[in-house]
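Reader: Could we go through the aromatic contacts in this model? I would like the criteria stated as we proceed.

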Amino acid sequence: MEDKKIVFIASECQPFFASGGLGDVIGSLPQKIASASEASVSVLLPLYSKINPVWRNKLLYVGQMTVQLAWRKQYCGIFKYESKGVTYYFLDNEYYFKRSNFYGYFDDGERFAFFAKASLDAILFLELKPNIVHCHDWQTGLVPVYRRTHYGDNPVFTRTKFVFTIHNIEYQGIFSNDLDVLEDTFGISHFDSHLLEYKGSSNIMKGAMETSHIVTTVSPTYAKEILSPEYAHGLEHEVERVKHKLVGILNGIDKHFYSPSKDRALFVNYNQKSVENKVENKVELQKMLNLPVDKTIPLIGMVSRLVSHKGLDLVKGMMEELLVEKVQIVMLGTGDIHFEGYFKDLENKFGSKLRVIIAYNPDLSRKIYGASDIFLMPSKSEPCGLAQMIASRYGTVPIVRETGGLADSIKDFNLENGNGYTFAEYSPSALLSTVKRALSDYQDQDGWMKKVKTVMEVDFGWTKSAKEYLKMYEQVLKQ
Ligand code: GLC
């Protein structure tokens with residue numbers, strides 16, 4: 001990718017602000033693309049007031065523009081920060097982004113329409129002249145749509161290719177299809193409304209799939225799964241329509257950040273050679289959470305949103321039976337009230353075996369990755385999933401259901417090059433028997449330590465995936 005210019009546009013990016021896996025990916029993929037190629041790489045982001053003040057103070061003011069969104073003329077400041085070969089641009093408008101959360105407002109459609117429009121204007125203002133514009137999830141889905149409807153004759157974009165990545169098809173950005181609302185909120189005319197129209201609503205993800213040159217998902221298996229209604233959350237017809245331009249590329253993780261030999265969140269650091277020290281993390285976590293201290297009890301960890309599609313129904317369906325075993329279980333996450341309540345109640349009943357922490361806590365999550373022997377991720381669907389990779393890096397053996405990125409990253413120990421435990425059937429009994437298989441293997445400590453080392457050896461870094469993205473960019477540029 002010599003002399004190529006790539007612009008990423010996304011709504012989250014570590015370490016500035018993130019609420020999930022998208023933030024991890026945008027925090028590491030652009031840097032990897034920059035270091036693996038000659039390309040110049042920029043990332044466009046909203047300047048949320050939620051940005052950590054440490055980072056806010058490092059931003060440099062670049063300039064300001066007026067962005068036209070339908071009849072509104074809005075201020076947009078541009079700030080920048082450079083790091084590891086990537087220039088990050090932050091688009092500022094307090095009316096839209098001075099909020100206590102990232103998403104979940106009545107005007108999310110307008111907020112991210114503004115961001116999309118401002119991003120295209122910023123590309124012109126900053127003279128970035130990109131060959132590739134790579135957008136992520138529905139919050140940036142109007143970028144390729146506006147490029148078609150509002151910037152069609154702008155010579156800067158004539159040869160630019162637009163790539164759209166689906167991190168999770170569940171969240172599509174669905175709004176009213178009332179033509180006047182479309183015009184008033186998004187500035188999309190009656191004439192162009194068909195680009196967004198889907199099943200009687202305006203669907204931003206559909207518009208992005210329609211108007212991008214390439215659509216990607218974050219694992220090859222998920223790219224196939226979303227062709228079926230079971231996984232597509234209603235978008236299956238559109239997925240079918242764009243099948244010819246759909247590819248799946250598995251995410252990686254930032255190996256420097258997620259590193260048991262350096263991670264300051266851990267009680268004791270270790271690597272493959274000193275993996276026998278990992279157990280000290282279990283002891284310290286047991287103390288911290290007031291669980292019986294015992295090195296020989298297998299500790300099962302779970303760090304997850306407590307929602308149905310993460311497989312919580314299965315966990316709920318087998319938990320009481322599992323708690324009969326010699327085992328300790330630590331769960332961390334927030335989510336559906338009924339799951340939070342159910343597991344908290346169970347904690348009262350099984351106080352010496354189960355800890356349930358209802359919180360989003362990155363520091364504690366890494367303590368759990370470090371301390372656990374087994375990591376549970378029985379998702380119903382999983383576009384990619386990063387936790388199974390992080391757990392592996394920390395020598396915590398994953399148990400996953402064979403879906404999406406879980407199927408693409410973890411193979412059962414019964415198979416050649418196995419690196420975890422997997423099951424296919426979406427049932428509590430299938431999960432329970434897989435967990436029991438792992439618990440029984442755990443009894444043979446020598447065999448278990450070999451498994452731990454095997455799991456730690458798998459390279460889940462970005463190198464391979466970044467190469468695949470670069471190859472895909474080259475291919476789309478030839479079209
Ligand atoms: C979404 C998906 C998750 C994926 C992440 C990063 O959060 O649900 O599976 O790992 O995006 O692509």
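Reader: To begin, is F186 buried or exposed?

Author: F186 is buried, with a relative accessible area of 4%. Buried means under 20% relative accessible area, exposed over 50%, and partly exposed in between, using a 1.4 Å probe and protein chains only.

Reader: What is the basis of these values?

Author: This is a predicted model, in which local features need pLDDT of at least 70 and side-chain atom pairs count only at pLDDT 80 or more, while totals for chains, interfaces and linings use all residues. Residues are numbered from 1 along each chain as its sequence is written, and side-chain values use heavy atoms, with hydrogens and water left out.

Reader: How many aromatic pairs does the structure hold?

Author: There are 33 aromatic pairs. Rings of Phe, Tyr and Trp (its six-membered ring) pair if their centres lie within 6.5 Å; planes under 30 degrees apart count as stacked, over 60 as edge-to-face and the rest as tilted. One of the pairs joins F175 and F186 edge-to-face, at 5.8 Å centre to centre with 75° between the planes.

Reader: Where do F175 and F186 lie in the chain?

Author: F175 is in strand β8 (residues 174-175) and F186 in helix α6 (residues 179-186), 11 residues apart. Helices (H or I, at least four residues) and strands (E, at least two) are DSSP runs, numbered from the N terminus.

Reader: And which ring does the charged end of K50 sit over?

Author: That of F102, 4.7 Å from its centre. The criterion is NZ of Lys or CZ of Arg within 6 Å of the ring centre and within 35 degrees of the ring normal. K451 lies over the face of F413, at 5.1 Å from the ring centre.
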